[in-house]
Structure formats: C-alpha cells, structure tokens
Amino acid sequence: MTRATAEAHPAGAGSATAVSIVGSTGSIGTQTLEVVRSDRDRFRVVALGAYSSVQLLGEQATEFRPEYVAIGDERLAAELAALVPAGTEVRAGPGALESLAGVGDVVVNAVVGFAGLPVTVTALATGRRLALANKESLIAGAPVVQAARAARGAEIVPVDSEHCAIHQCLGHRHHRNAANSSAAADFLEPPADVRRLVVTASGGPFRGRSSSELASVTIEDALAHPTWKMGPKISIDSSTLMNKGLEVIEAHELFGVDFDRIEVVVHPQSIVHSMVEFCDGATVAQLSEPDMRLPIGYALAYPERFGSPFGVLDWTCLSRLDFAAPDIATFTCLRLAYEAGRAGGSAPAWLNAANEVAVAAFLGGRISWLAIADVVAETLDGHEETKLLEVGDVLAADAAARQSAGRAVERREH
Ligand SMILES: NC(=O)c1ccc[n+]([C@@H]2O[C@H](COP(=O)([O-])OP(=O)(O)OC[C@H]3O[C@@H](n4cnc5c(N)ncnc54)[C@H](OP(=O)(O)O)[C@@H]3O)[C@@H](O)[C@H]2O)c1
C-alpha cells in the first residue's frame, strides 16, 4: 500500500496550489486546514496523513477529498479505507507518510518529533516547497537535510512563527536566485548585512520561577502555555525553554547565521515574533497576535501574501511590550542547546533524541520536570560523534542517543 517514489510535480489541478499535509490531525495540521478552508480557490488539499487518529483523518478526507490519505499505523488501514470517499487512495504503514512528501506543490510537515525526518528529506529531494513546522528533522538531520535542500526546485519556508518572522524581516535577502534554476537555490549564504537575529520567547508557563519552585510542577502546569495552544511535546519544550534552544539551532540552519549572532530575548506578550538587527543598527521586527494560521498562510502563499488576515493587531488594546534576558541558570535546556548547536555534527541529533525521550518520560509520569534537563545533559555528556552523511547515519545517531537517554531516565524514575 506504500509508494515512496515521487509523483509527477506539480500535482495541482487548475491554478490552485496543491497542498500535501503530513500530520494533518495535530495542532499545526488542523490549523493548516483552517487556512485552506479560508481560500478554497487558491489552495486544494492533495494529500492528508496522520499516525493513528483514524477517525479525524477520515472526517478530514470526507471534507477535503484529497487524492491520497496515509496512516502510519498499518493496523488502521482497513478502518481508514472505510471512512474515506471513493477515489481517495489509502496508503498505510512504514513509508506511507513519507510518500505524501512526494506529491503536491507544497508539503506541510506538521509531524511532531524526529519521526518527521523522512518527510522533510523527501519533500526537498523531490524539489518541492517544504512548509516546515517539524523543526526536529532539520535540527537532528541538518547535514542530510542541507544536502537535500540543494535539489533543484527545493525550498524551505519556515512555519515556526519566529523563523517565519525572520524570513519576513530578511525580505529580499531571502529570495531565491534566478527563477529557481540553480542547484542550491535555497541555500543561504549568511546575509552580510545582518548583525544578529533576535529570537523572541514567551518564557513559557514557568517564567520567573526558581529551581526550588519548579521541583514539584505537574504535567498540567507544564502544558498550560500562557500565549500559544499547541501539541503536548512542544508545550513541554516551551516550559523548559528547550523549544527556544531548538529554535536557535533551527535559525542557524535556516539562515546560515552563526550562534554568536543569534540571541534569545524573553517577550511575554508573544506579539513580536522575532527580529533582525542590521549592520547599520536598524532592527526590523514582525508583529501580530499569536496565531499560527498567519505563518502557515505565509508559507503556503510565499512569495505572495496570503489574502485572509490572521493575527491582526488592535493597537488601541496593545498597551506594552516587555523584553528581558532569559534565565539560563534555571532553564538550562537553552544553554545545552547552544552547546550542542555549536558542537555541530551529530550533537544536535543527540540533544533532540535525549529531549524527546525525556519529555515522553515526563508526560508518562516517570520523571520530574526538573529531570528533563538532567537527562539531556547526561546524554550529551556521553555523546559519541559520528558522521551524518545519509539518512541511515542520522537514524543510527538518534537510536544511540535514545538508548543512552533511556538509561538516564531509568536512573531518575520516581
Ligand atoms: N503547535 C504549534 O503551534 C507549533 C508551533 C510551531 C512549531 N510547531 C512544530 O510543529 C510540529 C507539530 O506540532 P503539533 O503541536 O502540531 O503536534 P501535535 O498536535 O502533537 O500533532 C502531531 C501530528 O503528528 C502526527 N504524528 C505523531 N506521531 C507520529 C509519528 N510517529 N509518525 C508520523 N506522524 C506522527 C500526529 O498524528 P496522530 O494524531 O495520528 O497521532 C499529528 O498529526 C512539531 O515539530 C512542533 O515543534 C508547532
């Protein structure tokens, strides 16, 4: 039922942009469908995929009538087939979600975690625009993803709100060269006139708390993000500031700016989504209400602007914008991410894997919130550098890190 090879590109009918959404049942996936719903003439859904939310996937297929649906859990194939309209091809099992990255004009990678790596690599290798929400694939597999990014026609437009903001602030510096004709068209040289990138952080639900106050926080406390409603994994990452650390590495990989010139600033209102400071002292920022449909619409419509406004500000209600330095003594995950990013090679893959293992253990009630950073730190201490030349190398590094992190979790179980 699986077909991993690329379909003829583009798959769109008429002038509508054909959108393939992998991870369509999650927070980003469902918001992508809201964006599509707001302009059905401009976008049409060509493929939808999820891991196991078969009922919701079936409902989405009934509404959007894609050509393909895919489910990661093979046991749900028959159930899905009974739910989708006639004419929709069902794919299931290993490789099924990855195969969706080979159809359509734009592939939205809305999968959570390292599992998104094959989608990222296939979308780029088959010369598509990748609307990238799944930061973990870029961070863990950077050398391999950067190589795939050099494919003719390949392009990453970030969906993460901070990187979408930077992409907008960079303006023409981001435009691809001569009609997409050259290889490596999307690979950016560090922009010479950029002095630094300033990545904003809400600070998460525990902003201002000390380590002793954080010793007994619950899963519910950690999931209660003050400004964004997101899936559980990124919500926990936001509470530890690991999400911001991952975003620093993501910014480095996307924009080619070195780590000394990427700064994190806490901005609790989540109105300024990030900034670029130029060599003449000017800072350009992107502002809007926190609403992921804006960066999703931006990535789908790029290089044009999307016609349906999301996140519009009411300036009469906006009384203040606060900024402060992050507390890296308490929120050590941010420091660990900078260290892994600077080390490069397979270190970011180890950071990401250790974090995924630790977050799953926390959400499973096995370790405390404070132990998440300890698990990541201990795993990184044991990091063994390996070369990441192809996807298999990244999978091996991820597996080795997961084993090590698993042992670190066991030592800290309640
Ligand atoms: N949510 C946000 O506002 C936001 C903002 C910025 C960036 N991001 C990034 O966007 C990505 C998705 O986040 P999210 O919050 O939307 O996550 P989410 O709500 O947990 O949704 C995750 C999606 O991935 C699918 N999935 C889960 N495990 C999978 C696996 N092993 N293989 C393939 N697919 C799998 C899920 O399918 P099932 O439903 O079937 O499990 C679901 O469709 C993450 O990388 C996150 O960091 C999210």
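Biologist: How much area is buried between domain 1 and domain 2?

Modeller: The size of an interface is often given as the accessible area lost when the parts come together. Buried area here is the accessible area (1.4 Å probe) that two parts lose on being put together, summed over both. Carbon and sulfur atoms give 68% of the area buried between domain 1 and domain 2, and the total is about 4,700 Å².

Biologist: Which residues of domain 1 lose the most area to domain 2?

Modeller: Three residues of domain 1 together account for 14% of what that side buries. They are Phe114, Ile139 and Cys169.

Biologist: At what pLDDT do side-chain atom pairs count?

Modeller: pLDDT is the predictor's confidence in each residue, from 0 to 100. Residues are numbered from 1 along each chain as its sequence is written, and side-chain values use heavy atoms, with hydrogens and water left out. The model is predicted: totals for chains, interfaces and linings use all residues, local features need pLDDT of at least 70, and side-chain atom pairs count only at pLDDT 80 or more.

Biologist: What is the mean pLDDT of the protein?

Modeller: Of the protein's residues, 93% reach 70 or more. The mean pLDDT is 93.

Biologist: How far apart are the C-alpha centres of domain 1 and domain 2?

Modeller: The bounds come from an automatic or database domain assignment, which gives domain 1 as 17–180 and domain 2 as 194–410. The distance between their C-alpha centres is 21 Å.

Biologist: How many residues does domain 2 put into the contact?

Modeller: Domain 1 brings 51 residues to the contact. From domain 2 the contact takes 59 residues.

Biologist: How many salt bridges cross the interface of domain 1 and domain 2?

Modeller: A salt bridge is a side-chain nitrogen of Lys or Arg within 4 Å of a carboxyl oxygen of Asp or Glu. The structure holds 27 of them. Across the interface of domain 1 and domain 2, the rule finds five.

Biologist: Which residue pairs with glutamate 247 in a salt bridge?

Modeller: The N to O distance in this salt bridge is 3.2 Å, between the side chains of glutamate 247 and lysine 135. Helices are DSSP runs of H or I with at least four residues and strands are runs of E with at least two, numbered from the N terminus. The pair links distant parts of the chain, 112 residues apart: glutamate 247 is in helix 12 (residues 242–255), and in helix 6 is its partner, lysine 135.

Biologist: Which peptide bond is cis, with omega near 10 degrees?

Modeller: Most residues other than glycine have a negative phi, and most peptide bonds are trans. Proline 303 is in the loop between helix 13 (293–301) and helix 14 (332–343). The cis bond runs from tyrosine 302 to proline 303.

Biologist: What is the phi of arginine 65?

Modeller: Arginine 65 sits in the loop between helix 2 (54–64) and strand 3 (68–71). Its phi is positive, in a residue other than glycine, and is near 45 degrees.

Methods
Contact means heavy atoms within 4.5 Å.
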